[in-house]
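Visitor: Hi, could you walk me through this one? I'd like to start with pockets.

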Amino acid sequence: MLDGYEMHDLTQPWSQDTPAWPTYDNPKVWYEKSLDTEKVNGQKIEFMNHTGTHLDGEKHFVGNGRDIADMPLDELVGDAVVADISDMVGDYDVYTSEMIEEVCDVQEGDILFIHTGYQKYAYHREEADPHAFFCKHPGPNMEFAEWCRDMNLNYLMLDCGSADHPMNTIVRDVRPELAEEACEKLGVDDLDEIFPPEGYQLMHTELFPEGIVHVENAQVPEELLNERCQIGTFPWRFEGGESSVCRCVAFTEA
């Protein structure tokens, strides 16, 4: 324990049951060595980087972007704020910078954790619902991405499957019945009215070239909602890595 600080784990548990992002392979874990034969346990793991709590790096969407190893610790650890907008948003809703500023004091250069409330639908929770967690959660449009850039945010963290609205990702194509449902909820005939093709996956394509990346599939305890703290994200020191599983921790004064 760090003297004078309390630590809060912001990370989902990880196992072979942890689902990867839709259309990605789920993890496989098996024993290559076992106590009954070799007198030692040794596991082998095969998984996509985008499984469980993970840091999307610049190289995920930018050919000449930094890899994970190029992100220094003093960038990964810093001042943060947790914005609880869970009472303002539901399935398919679009959240805005105004919502964030209404509930917390966001400062330039912050790490911003957006609590949509959809962490309750994560695979390991009592209310587990992969359709809600990955395919129905609220998300932003271009206004929000531009605000993130204007605020020069360090990076973002989300308690749901993606930093982008699910209807601005591949989910829109692979789950057409949900796209119809989203159109009805949002009151449009065509989702292009809200998410035009040129802004596809805008939280990745617009912000990663600016160095503003994000952590997806995180979680946050209730006592940190709308509070300021310090947050550290600790991925592998992964040379060539476009993204990485990570352990995320919030630090508050004890």
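Guide: Happy to. On a 1 Å grid over the protein atoms alone, a pocket is an open set of points with protein on both sides within 12 Å along at least five of seven lines, whereas a cavity is a set where a 1.4 Å probe fits but cannot get out; lining residues have an atom within 4 Å of a point. This is a predicted model, where local features need pLDDT of at least 70 and side-chain atom pairs count only at pLDDT 80 or more, while totals for chains, interfaces and linings use all residues. Residues are numbered from 1 along each chain as its sequence is written, and side-chain values use heavy atoms, with hydrogens and water left out.

Visitor: Good to know. Which residues line the largest pocket?

Guide: The lining consists of I68, A69, M71, P72, L73, L76, F234, P235, W236 and R237. Two or more of the lining residues come from each of α1 (73-76) and β11 (228-235). Those element names come from DSSP runs numbered from the N terminus, with helices (H or I) of at least four residues and strands (E) of at least two.

Visitor: And how much space lies in the largest pocket?

Guide: About 160 Å³. That volume is the space filled by probe spheres set on the grid points, which are joined across faces, edges and corners.

Visitor: What does the lining have by class?

Guide: Nine nonpolar residues, one charged and no polar ones. Here Ala, Val, Leu, Ile, Met, Phe, Trp, Tyr, Cys and Pro count as nonpolar, Asp, Glu, Lys and Arg as charged, and the others, Gly among them, as polar.

Visitor: What does F144 touch?

Guide: Leaving out residues up to four places away in sequence, F144 touches Y95, T96, S97, I100, L112, I114, L156 and M203. Contact here means heavy atoms within 4.5 Å.

Visitor: I like aromatics. How many aromatic pairs are there in the whole structure?

Guide: A search finds nine. Rings of Phe, Tyr and Trp (its six-membered ring) pair if their centres lie within 6.5 Å; planes under 30 degrees apart count as stacked, over 60 as edge-to-face and the rest as tilted. Take F61 and F208: their ring centres are 6.2 Å apart and the planes sit at 85°, so this pair is edge-to-face. F61 is in the loop between β4 (54-56) and α1, while F208 is in the loop between α7 (202-205) and β10 (213-216), so the pair links distant parts of the chain, 147 residues apart.

Visitor: New topic: where is L10?

Guide: L10 is in the loop between β1 (5-9) and β2 (28-33). L10 counts as buried because its relative accessibility is 0%. Beyond residues up to four places away in sequence, its contacts include F113, M157, V220, I231 and V249.

Visitor: And V249, what does that one touch?

Guide: V249 touches M7, H8, L10, Q230, I231, G232 and F234, again not counting residues up to four places away in sequence. V249 lies in strand β12 (residues 243-253) and counts as buried at 13% relative accessibility.

Visitor: What about H54?

Guide: H54 lies in strand β4 and is buried, at 1% relative accessibility. Apart from neighbours within four places in sequence, H54 is in contact with N49, H214, V215, E216, N217, S244, V245 and C246.

Visitor: Last one: which residue other than glycine has a positive phi near 80°?

Guide: That's T23, in the loop between β1 and β2. T23 is exposed, at 55% relative accessible area. N152 also has a positive phi, near 50°; N152 sits in the loop between α4 (142-150) and β9 (155-158) and is partly exposed at 45%.

Key. Buried < 20%, exposed > 50% of the residue type's maximum accessible area, 1.4 Å probe, protein only.
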